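Please keep the sequence and the structure in view while reading.

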Amino acid sequence: MELERVAQELHTEATSGNPEPGRLRQFATQLKDKLLEGATTMAATQGIQMAEQALAALM
């Protein structure tokens, strides 16, 4: 449930008219942390990698 909420907040911020880099970093970090908590599937592993790439692009 929490993972879905964070993913939605990240999506909302990313698709807004003027996304704020700090909020994008915050949500991407939260999403990565949530995925790491239960990273037992290939999808979770891919999600973690995508979050890390997004965070690197925002730095």
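The model is predicted. Helix α2 packs its buried residues against α1 (2–14) and α3 (42–58). α1 is roughly antiparallel to α2, and α2 and α3 are also roughly antiparallel to each other.

**Helix α1**

- The 13 residues of α1 should span 18 Å at 1.5 Å a residue, and the end C-alpha atoms are 18 Å apart, which agrees.
- Val-6, Leu-10 and Glu-13 are the buried residues listed for α1.
- Viewed down the axis of α1, these buried residues fall within an arc of 70°, so they line one face of the helix.
- The cover over the buried residues of α1 includes α2.

**Helix α2**

- α2 runs over residues 21–37, which makes 17 residues.
- From first to last C-alpha, α2 reaches 24 Å, close to the 24 Å expected at 1.5 Å a residue.
- Buried positions in α2 are Leu-24, Phe-27, Ala-28, Leu-31 and Leu-35.
- The buried residues of α2 lie within an arc of 100° when seen down its axis, so they line one face of the helix.
- That buried set packs against both α1 and α3.

**Helix α3**

- α3 has 17 residues, and its first and last C-alpha atoms are 25 Å apart, close to the 24 Å expected at 1.5 Å a residue.
- Ala-44, Gly-47, Ile-48, Ala-51 and Leu-55 are buried in α3.
- Seen down the axis of α3, the buried residues fall within an arc of 100°, so one face of the helix is lined by them.
- The other side of α3 carries the exposed residues Met-42, Ala-43, Met-50, Gln-53, Ala-56 and Ala-57.
- The buried residues of α3 pack against α2.

**The α1–α2 pair**

- The axes of α1 and α2 come within 9 Å and cross at roughly 155°.
- An angle over 145 degrees counts as roughly antiparallel, and α1 is therefore placed roughly antiparallel to α2.
- The crossing of α1 past α2 is left-handed.
- On the α1 side, the contact is made by Glu-2, Leu-3, Arg-5, Val-6, Ala-7, Glu-9, Leu-10, Glu-13 and Ala-14.
- On the α2 side, the residues making this contact are Arg-23, Leu-24, Phe-27, Ala-28, Gln-30, Leu-31, Lys-34 and Leu-35.
- Val-6, Leu-10 and Glu-13, the buried residues of α1, are among the residues in this contact.

**The α2–α3 pair**

- The axes of α2 and α3 come within 9 Å, with a crossing angle of roughly 155°.
- α2 and α3 are therefore roughly antiparallel to each other.
- α2 passes α3 in a left-handed crossing.
- α2 contributes Pro-21, Leu-24, Arg-25, Ala-28, Thr-29, Lys-32, Leu-35 and Leu-36 to the contact.
- α3 contributes Ala-44, Gly-47, Ile-48, Ala-51, Glu-52, Leu-55 and Leu-58.
- Leu-24, Ala-28 and Leu-35 of α2 are among the residues in the contact with α3, and they are also among those in the contact with α1.

**Leu-24**

- Leu-24 lies in helix α2.
- With a relative accessibility of 12%, Leu-24 is under the 20% cut-off and therefore counts as buried.
- Not counting residues up to four places away in sequence, Leu-24 touches Leu-10, Glu-13, Ala-14, Pro-19 and Leu-58.
- Leu-24 and Gln-49 are 25 residues apart in sequence, and their C-alpha atoms are 16 Å apart in space.

- Leu-3 is found in helix α1.
- Leu-3 has a relative accessible area of 34% and is partly exposed.
- With neighbours within four places in sequence left aside, Leu-3 is in contact with Leu-31, Lys-34 and Leu-35.
- Leu-3 and Asn-18 are separated by 15 residues in sequence and by 24 Å in space, C-alpha to C-alpha.
- Thr-12 lies in helix α1 and counts as partly exposed at 43% relative accessibility.
- Thr-12 and Leu-58 are 46 residues apart in sequence and 16 Å apart in space, C-alpha to C-alpha.

Definitions and conventions
Residues numbered from 1 in each chain as written. Predicted model: local features only at pLDDT ≥ 70, side-chain atom pairs only at ≥ 80, totals over all residues. Heavy atoms only, no water. Helix = DSSP H or I, 4+ residues; strand = E, 2+ residues; numbered from the N terminus. Expected span 1.5 Å × (residues − 1). Buried < 20%, exposed > 50% of the residue type's maximum accessible area, 1.4 Å probe, protein only. Arc of directions from axis to C-beta. Contact = heavy atoms within 4.5 Å. Axes fitted to C-alpha atoms, helices over the stretch in contact; angles between N-to-C directions. Parallel < 35°, antiparallel > 145°, perpendicular 65-115°, else oblique. Left-handed = near helix turned anticlockwise from the far one by under 90°.
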